[in-house]
Amino acid sequence: MTFARTADPATTASHAVGAATELFRSLTGSDPVGVWSAPGRANLIGEHTDYNDGFVLPFAIQHRTAAAARLRTDGRIRVASTFAAEPVEVALDDLETLFPSDGAPRVAEWAAYPLGVAWALRALVPAWAAGTFAGVDIAIASDVPVGAGLSSSAAIEGATGAALNELWGLGLDPVALAQAGRRAENEAVGAPTGIMDQMASTLGQADAAVFLDCRTLDTRAIPLGFAEAGLEVLVIDTGVKHAHSTGGYRERRESCERGAAALGVAALRDVAVADLPRAAELLDEVDFRRVRHVVTEDQRVLDTVAALAAHGPRAIGALLVASHVSMRDDFEISIPELDTAVDTALAHGAIGARMTGGGFGGAAIALVDHDRVPAVAEAVRVAFAEAGFAEPHLFTVVPSAGPHRDV
Ligand code: GLA
């Protein structure tokens, strides 16, 4: 059986914490002064709305990334990861030179995430310029599946940010840490993403989703009540890897910007469903469908929040399915594996299902009755085998808490 029931969140966290601690010891020969961890996320609904100033409804998951860290006195920062053969070390004063505004980072991509966070925190804290920051060693380990659309990158940013926030005594709140993470991703790594993933990670709460207005950055915790309703969230990771620093993600974003400009608004957030006929007249056929996805998806997020409050999680299935159809047909970011995952889960009794995250690979989520989870998982596995797809990775996730210090 390839399906694993939700691991105990405490066990999952301690796995990454233990691995980061071990790596730190082998890197430095001493113990870290502390270990901080931050979660990945699944997005319940609201896809490609964040960079359009719209609404999203993600939740942090129990899979976490841990950063074991300790200050050093020589003004240098060294990062190591269980994913990488070699650590990367640089003087804090030279971080700038790693991330030219007009080109790719001059450092291995994995290291651009933690080093990018250190660099972004500098901009937030004027004291940096006066050279008051000590150097630091950081060792990173993660239980968040990479490339699955579950924001392994936001988890690295969140864990690194939590560690540096405390070690450097910055006193930044979760929103500021999310902004630093996004800046690292946009300007250090070069992926033109929105802020959903970082906000979901830094503001995650057990049993709740983060309802985020991406224009104002106002958030509200929305109780999900999955367990009380006898429901579980099954993740179907297709194993098809994606990257948002290249290709389709950027093109979709450009379509949205063209749409907003043609409609004379600051962002697609300002377009209502009732304005779509006018958009159809002004835009070419492809840009119109991109715009229609974003505008209707914003409305679906608001409808999901309302349905959860009024009727509970069993009432949101049709909205999840409509979101997937919109991403498949209008935004065109799904792939055959994700469509098969969604269709098969629904055919075997899922209440709702959709791809989650940026698309072009990654994972789908399905909302499934507790008792039916093994049957749905098995049906998906069989459908993938029959279609000749690689075997999917199947596991359940639970809405979980944001960053904290573990040790
Ligand atoms: C990725 C990005 C997010 C968001 C989603 C799509 O996860 O990092 O900012 O745009 O894609 O909703």
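Biologist: Which residues lie nearest the centre of the largest pocket?
Modeller: Keep in mind that this is a predicted model. Nearest the centre of the largest pocket lie Tyr 113, Gly 147, Ser 152, Ser 153 and His 242, out of 35 lining residues.

Biologist: And which elements give two or more residues to that lining?
Modeller: Those are helix H3 (109-124), helix H4 (152-167), helix H5 (174-189) and helix H6 (196-202).

Biologist: How much space lies in the largest pocket?
Modeller: About 640 Å³.

Biologist: How does the lining of the largest pocket divide into nonpolar, polar and charged?
Modeller: There are 14 nonpolar residues, 15 polar ones and six charged ones in that lining.

Biologist: OK, the domains then. How far apart are their C-alpha centres?
Modeller: The C-alpha centres of domain 1 and domain 2 are 25 Å apart. In the contact between them, domain 1 takes part with 45 residues and domain 2 with 56 residues.

Biologist: What is Ser 153 in contact with, leaving aside its neighbours within four places in sequence?
Modeller: Tyr 113 and Glu 185. Tyr 113 is also one of the residues that lie nearest the centre of the largest pocket.

Biologist: What about Ser 151, where is its place?
Modeller: Ser 151 is in the loop between strand E6 (135-142) and H4. The phi of Ser 151 is positive, about 60°, although the residue is not a glycine.

Biologist: Where does His 48 lie?
Modeller: In the loop between strand E2 (34-45) and strand E3 (55-72).

Biologist: Are those two buried or exposed?
Modeller: His 48 is buried, with a relative accessible area of 4%. Ser 151 is buried as well, with a relative accessible area of 8%.

Biologist: Changing topic: how much space lies in the second largest pocket, and which residues lie nearest its centre?
Modeller: The second largest pocket holds about 230 Å³ of space. Its lining has 16 residues, and Gly 103, Glu 187, Ala 188, Val 189 and Gly 190 lie nearest the centre.

Biologist: Which helix gives the most to that lining?
Modeller: H5, with four residues. H3 also supplies at least two residues of the lining of the second largest pocket.

Biologist: And its residues by class?
Modeller: The lining of the second largest pocket has seven nonpolar, five polar and four charged residues.

Biologist: Last one. Which residues touch the most other members in the largest nonpolar core?
Modeller: Ile 77, Leu 95, Leu 115, Ile 138 and Trp 168, in a core of 40 residues. H3 brings the largest share of this core, with nine residues. Another core lies apart from it and has 37 residues, including Phe 331, Val 380, Phe 384 and Leu 394.

Methods. Residues are numbered from 1 along each chain as its sequence is written. This is a predicted model: local features need pLDDT of at least 70, side-chain atom pairs count only at pLDDT 80 or more; totals for chains, interfaces and linings use all residues. Side-chain values use heavy atoms; hydrogens and water are left out. On a 1 Å grid over the protein atoms alone, a cavity is a set of points where a 1.4 Å probe fits but cannot get out, and a pocket is an open set with protein on both sides within 12 Å along at least five of seven lines; lining residues have an atom within 4 Å of a point. Grid points are joined across faces, edges and corners, and a volume is the space filled by probe spheres set on the points. Ala, Val, Leu, Ile, Met, Phe, Trp, Tyr, Cys and Pro count as nonpolar, Asp, Glu, Lys and Arg as charged, and the others, Gly among them, as polar. A nonpolar core is a set of buried Ala, Val, Leu, Ile, Met, Phe, Trp, Tyr and Cys residues joined through side-chain atoms within 4.5 Å. Buried means under 20% relative accessible area, exposed over 50%, partly exposed in between (1.4 Å probe, protein chains only). Contact means heavy atoms within 4.5 Å. Domain bounds come from an automatic or database domain assignment.
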